[in-house]
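Biologist: Could we go through this model together? I would like to begin with the packing.

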Amino acid sequence: MLDDTEIHPLFHGAPSTTEFKKLRKRLVRDVREAIDQYGMVRRDTDKTPRWLVCLSGGKDSYTLLAILHELKWRGLLPVEILACNLDQGQPGFPATVLPAFLEKMGVPHRIEYQDTYSIVVDKVPAGRTFCALCSRLRRGNLYRIAREEGCDAVVLGHHRDDILETFFMNLFHGGRLATMPPKLVNEEGDLFVYRPLAHVAETDCEKFAKAMAYPIIPCDLCGSQDGLQRQQVKQILDQWERNSPGRRQVMFRSLMNARPSHLLDPKLFDFMGLTTNPKDPKSLSDQSESQG
């Protein structure tokens, strides 16, 4: 159980209200549940795992960093944490905010500057969004940094709502049932990618970061966010949630309750190999009469 002690500088000045304490407990519970459920802490080695925790300066990554440090402080997360911010050269990015914050909080960190923004602007045709190419370049740099720092895993701040939105984007636009997995291995096969916020609602991240007054950096510095398919899907989910509160969580639970035999993918289920199990016609007749 959590107490009233401010156990880490990241929680300095935490509100003492009952509402915030409940929020904090819920975040710790949800993150710990995801870490345990998806086996994010390796048990097959004597080496202490080292995580590269990616920090963008948004509400989600601040929440991720704080809750991971809380779990570590309490002895519930036996890993080394290295925070990392990749400054991609977006116009107006406040380059001093995160270094100053991490220094003040006493969080081990690495700040990396790579001007991928100029590459994206040069390669992406006018009128198209930057996100796909920007994401690939960012991920490649994070993998490189993780290797240089001797990290086993790259840890990202995607939450439950990101996972749901990605599922519906793939459904509506990609023609497949897929989303962001909470745990995967990169294409090179040498790094894990973890999403410990997989069970956390976006609204909880927003409430937590706001209550802690973390220095939020806006996510639309590149100016390519308007009109994205993700925003359209988000609006649909928001409307569903307003019409039927709790629907997001119900839909999210369905992602953990897949039934391949009740879908249509022959690669996941052997429809061709299905056989019947004929019974004695007399016994079927008796059964029918007994149910009549």
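Modeller: Contact here means heavy atoms within 4.5 Å. This is a predicted model, in which local features need pLDDT of at least 70, side-chain atom pairs count only at pLDDT 80 or more, and totals for chains, interfaces and linings use all residues. Residues are numbered from 1 along each chain as its sequence is written, and side-chain values use heavy atoms, with hydrogens and water left out.

Biologist: What is leucine 68 in contact with, leaving aside its neighbours within four places in sequence?

Modeller: With those neighbours left aside, leucine 68 is in contact with Val31, Ile35, Trp51, Val53, Leu77, Ile81, Val155 and Pro196.

Biologist: How many residues does the largest nonpolar core have?

Modeller: The largest nonpolar core has 43 residues, and Trp51, Leu68 and Phe208 have the most contacts inside it. Such a core is a set of buried Ala, Val, Leu, Ile, Met, Phe, Trp, Tyr and Cys residues joined through side-chain atoms within 4.5 Å. Buried means under 20% relative accessible area, exposed over 50%, and partly exposed in between, with a 1.4 Å probe and protein chains only.

Biologist: Which element gives the most to this core?

Modeller: Helix α2 does, with seven residues. Helices (H or I, at least four residues) and strands (E, at least two) are DSSP runs, numbered from the N terminus.

Biologist: And how do α1 and α2 pack?

Modeller: Helix α1 (residues 18-37) and helix α2 (residues 59-73) pack at an angle of about 80°, their axes being 10 Å apart. The axes are lines fitted to C-alpha atoms, for helices over the stretch in contact, with angles from 0 to 180 degrees between N-to-C directions. The two helices α1 and α2 are therefore roughly perpendicular to each other, a term for angles of 65 to 115 degrees, whereas under 35 counts as roughly parallel, over 145 as roughly antiparallel and the rest as oblique. Among the residues that make the contact are Leu27 and Val31 of α1 and Ile67 and Leu71 of α2.

Biologist: Changing topic, how many disulfides does the structure hold?

Modeller: The structure holds zero disulfides, a disulfide being a pair of cysteine sulfur atoms within 2.5 Å.

Biologist: Then where is alanine 213?

Modeller: Alanine 213 is in the loop between α7 (202-212) and α8. Its phi is near 55°, a positive value in a residue other than glycine.

Biologist: Is alanine 213 buried or exposed?

Modeller: Alanine 213 counts as exposed, because its relative accessibility is 62%.
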